[in-house]
Amino acid sequence: FSAAQGRKGLWQPFAFWEDGGTGLHFLEPFDEDKVPVLFIHGINASPQDFTSMIEQLDRDRYQPWFISYPSGLRLSWLSRGLFQFLEVLHRQYRFDELHIVAHSMGGLVSRGALNLCSQNETCDYVASFTSISTPWNGVASAESGVKWAPTVVPVWHDLYPQSTFVSSLFTTPLPDGLPHNLLFGFKQDSFINTGSSDGVIEMSSQLRNEAQDQANLIRGFDEGHVSILHSDAVISNVFSLLDASR
């Protein structure tokens, strides 16, 4: 689950898959008295990104779960994989409540899985969905990668704003009663002025109109794309939202 393995998941997704780490993982045996919180990382990343958050999680009340996946694969494949992991685990453990916390592209993967939940009229156990710094309108540079890169990473086909995946993301509503907490960052993480963004993801993508329309809560933080996961204020807000959804 290292950062190096996360990078391999983007640039060599099938080699990552063959390594055997792809899946939904627990940090401890399942405990029916604790509520699962599923952490979902973004592109070119790994579960290590959530170390600060998991270290501060109330382990008497919650059990941390996380997805490890090759982020270079097509978003539709990843979304379906997440949906299937959840359904299999729910049949096995019959938990009544689960919360999803997703960063960056992990929010797109999560939303794709939740769309499948709606279409299949299932996942009523998902109590809340919190996205952090998610590019709801895709990433414009992905289109350049598809057009000009000597080797095209599969996920780029789904990440550019006009892609079928991004364009249709909000066609299906979230499951009934599922609250979406939309958190975003607005601090530049680099010395290069890239416009209004968190240093990586443009504000216009983080705050896509359709995403705002269906969100129950929208909250911004003076943090960059990476630092937002280690901010005490952000972590405190995430945990408050978990408690409020119970």
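This is a predicted model: local features need pLDDT of at least 70, side-chain atom pairs count only at pLDDT 80 or more; totals for chains, interfaces and linings use all residues.
1. The largest pocket. About 520 Å³ of space lies in the largest pocket of the model. Its lining is made up of 25 residues. Those that lie nearest the centre of this pocket are Ile43, Asn44, Ser104, Val200 and His225.

2. Where that lining comes from. Of the elements, α1 gives the most, with four residues. Sorted by class, the lining of the largest pocket has 15 nonpolar, eight polar and two charged residues.

3. The second largest pocket. This pocket has a volume of about 190 Å³. Which residues line the second largest pocket? They are Ser76, Ser79, Arg80, Gly112, Asn115, Leu116, Gln119, Phe165, Ser168, Leu169 and Thr172. The elements giving two or more residues to this lining are α4 (75-93) and α5 (105-120). The largest share, four residues, comes from α5. By class, the lining of the second largest pocket has three nonpolar, seven polar and one charged residues.

4. The packing of α4 and α5. The two helices named in the previous point also pack against each other, at an angle of about 60° and with their axes 8 Å apart. Angles of 65 to 115 degrees count as roughly perpendicular and those under 35 degrees as roughly parallel; α4 and α5 are therefore oblique to each other. Is their crossing left-handed or right-handed? The crossing of α4 and α5 is right-handed.

5. The contact between these helices. On the side of α4, the contact is made by Leu75, Leu78, Ser79, Arg80, Leu82 and Phe83. On the side of α5, the residues are Met105, Leu108, Val109, Ser110, Gly112, Ala113, Leu116, Cys117 and Asn120. The contact of α4 with α5 has, by class, 10 nonpolar, four polar and one charged residues. Ser79, Arg80, Gly112 and Leu116 take part in this contact, and they are also among the residues that line the second largest pocket.

6. Glutamate 28. This residue is found in the loop between β1 (23-26) and β2 (35-40). Which residues does glutamate 28 contact, leaving aside its neighbours within four places in sequence? Glutamate 28 is in contact with Lys34, Arg59, Tyr62, Gln63 and Pro64, once those neighbours are left aside. For proline 64, the separation from glutamate 28 is 36 residues in sequence and 8.2 Å in space, C-alpha to C-alpha.

Conventions
Residues are numbered from 1 along each chain as its sequence is written. Side-chain values use heavy atoms; hydrogens and water are left out. On a 1 Å grid over the protein atoms alone, a cavity is a set of points where a 1.4 Å probe fits but cannot get out, and a pocket is an open set with protein on both sides within 12 Å along at least five of seven lines; lining residues have an atom within 4 Å of a point. Grid points are joined across faces, edges and corners, and a volume is the space filled by probe spheres set on the points. Ala, Val, Leu, Ile, Met, Phe, Trp, Tyr, Cys and Pro count as nonpolar, Asp, Glu, Lys and Arg as charged, and the others, Gly among them, as polar. Axes are lines fitted to C-alpha atoms, for helices over the stretch in contact, and angles run from 0 to 180 degrees between N-to-C directions. Angles under 35 degrees count as roughly parallel, over 145 as roughly antiparallel, 65 to 115 as roughly perpendicular and the rest as oblique. A crossing is left-handed if the near helix is turned anticlockwise from the far one by less than a right angle, and right-handed if clockwise. Contact means heavy atoms within 4.5 Å.
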